[in-house]
Amino acid sequence: MSTAAAAPLRPGQVLADLLPASRVRDVALVLGGAVLTGLAAQLAVPIPGTPVPVTGQTFAALLVGTALGAGRGFLSLALYALAGVAGVPWFADGGSGAAAPSFGYVIGLLLAATAVGALARRGADRSPWRMAGAMLLGEAVIYAVGVPYLALATGMSASAAIAAGLTPFLIGDAVKAALAMGLLPAAWKLVGKR
């Protein structure tokens with residue numbers, strides 16, 4: 001006999017899987033993840049010397065990927081990217097289009113959400129240290145695409161792109177990882193107590 005409390009602890013589940021399964025659920029989650037990322041991108045703080053602001057979009061995208069899983073996370077961030085390219089002003093600071101020097105980070109968000117979603121299906125979101133590792137890996141994926149794109153789009157050298165597009169964000173990324181370390185494992189713990 002299975003109980004409702006046992007279902008959340010099954011391997012291979014992400015938090016979104018705890019909602020009743022339907023196509024409507026999946027569409028709503030994908031749309032919601034895209035909108036959350038777009039809204040979080042509006043929390044932007046410019047940094048002198050770089051065209052890339054500090055935003056909430058990286059944290060939102062990584063949470064979307066982790067909570068929704070790789071497939072829905074990918075679709076959600078693909079929708080976010082495609083709508084932004086099509087003119088929806090929901091990239092950082094209300095921007096849109098693929099011409100911005102920071103567009104490589106948007107592509108990185110898509111790949112990172114997919115990666116952390118796959119790790120969440122393997123239980124990375126259920127313990128603080130594994131969650132921190134997943135978030136740091138997601139951040140690394142974002143920079144692996146965003147920094148070279150920044151260099152190409154602006155003509156910066158590799159070292160200048162690292163100085164402008166990576167170094168100023170490291171402390172904030174550590175804070176985001178720490179938040180995720182507490183947030184998602186706590187959500188699983190709460191669900192497990194039901």
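Helices here are DSSP runs of H or I with at least four residues, while strands are runs of E with at least two, and both are numbered from the N terminus.

Before we go on, a word about the model. It is predicted, so local features need pLDDT of at least 70 and side-chain atom pairs count only at pLDDT 80 or more, whereas totals for chains, interfaces and linings use all residues. Residues are numbered from 1 along each chain as its sequence is written, and side-chain values use heavy atoms, with hydrogens and water left out.

Let's stay with H5 for a moment. Its buried residues are Met 131, Ala 132, Ala 134, Met 135, Gly 138, Glu 139, Ile 142, Tyr 143, Gly 146, Val 147, Leu 150 and Ala 151. Buried means under 20% relative accessible area, exposed means over 50%, and partly exposed lies in between, using a 1.4 Å probe and protein chains only. The cover over these H5 residues includes H2, H4, H6 and H7. After H5 comes Gly 155, with a positive phi near 80°.

The largest nonpolar core has 44 residues, and Leu 77, Tyr 80, Tyr 105 and Met 135 touch the most other members. Such a core is a set of buried Ala, Val, Leu, Ile, Met, Phe, Trp, Tyr and Cys residues joined through side-chain atoms within 4.5 Å. At least two residues of this core come from each of H1 (23-41), H2 (57-68), H3 (70-85), H4 (103-121), H5 (128-154), H6 (158-165) and H7 (170-192). H4 gives the largest share, with 9 residues.

Gly 123 follows H4 and has a positive phi, near 95°.

How do the helices pack? Two packed helices are described by the angle between their axes and the distance between the axes. Axes are lines fitted to C-alpha atoms, for helices over the stretch in contact, and angles run from 0 to 180 degrees between N-to-C directions. The axes of H2 and H4 come within 7 Å and cross at roughly 35°, and this crossing is right-handed. That term applies when the near helix is turned clockwise from the far one by less than a right angle; anticlockwise makes it left-handed. Among the residues that meet are Ala 61, Leu 62 and Gly 65 in H2, and Leu 109, Ala 113 and Gly 117 in H4. H2 also passes H7 in a right-handed crossing, where the axes come within 11 Å and cross at roughly 30°. Thr 58, Phe 59, Leu 63 and Thr 66 of H2 make that contact with Lys 176, Leu 179, Ala 180, Leu 183 and Leu 184 of H7.

Ser 76 sits in helix H3 and counts as buried because its relative accessible area is 0%. A polar atom of the Ser 76 side chain lies 2.8 Å from the backbone nitrogen of Ala 34. Not counting residues up to four places away in sequence, Ser 76 touches Leu 29, Val 30, Gly 33, Ala 34, Val 64 and Leu 68. Arg 25, found in helix H1, is also buried, at 13% relative accessible area. Its side chain makes a polar contact with the side chain of Asp 26 (3.0 Å). A polar contact is a pair of N or O atoms within 3.5 Å; within protein, one must be able to donate a hydrogen and the other to accept it, and residues adjacent in sequence count only if both atoms are side-chain atoms. By contrast, Lys 189 in helix H7 counts as exposed, at 58% relative accessibility.

How values were computed
Contact = heavy atoms within 4.5 Å.
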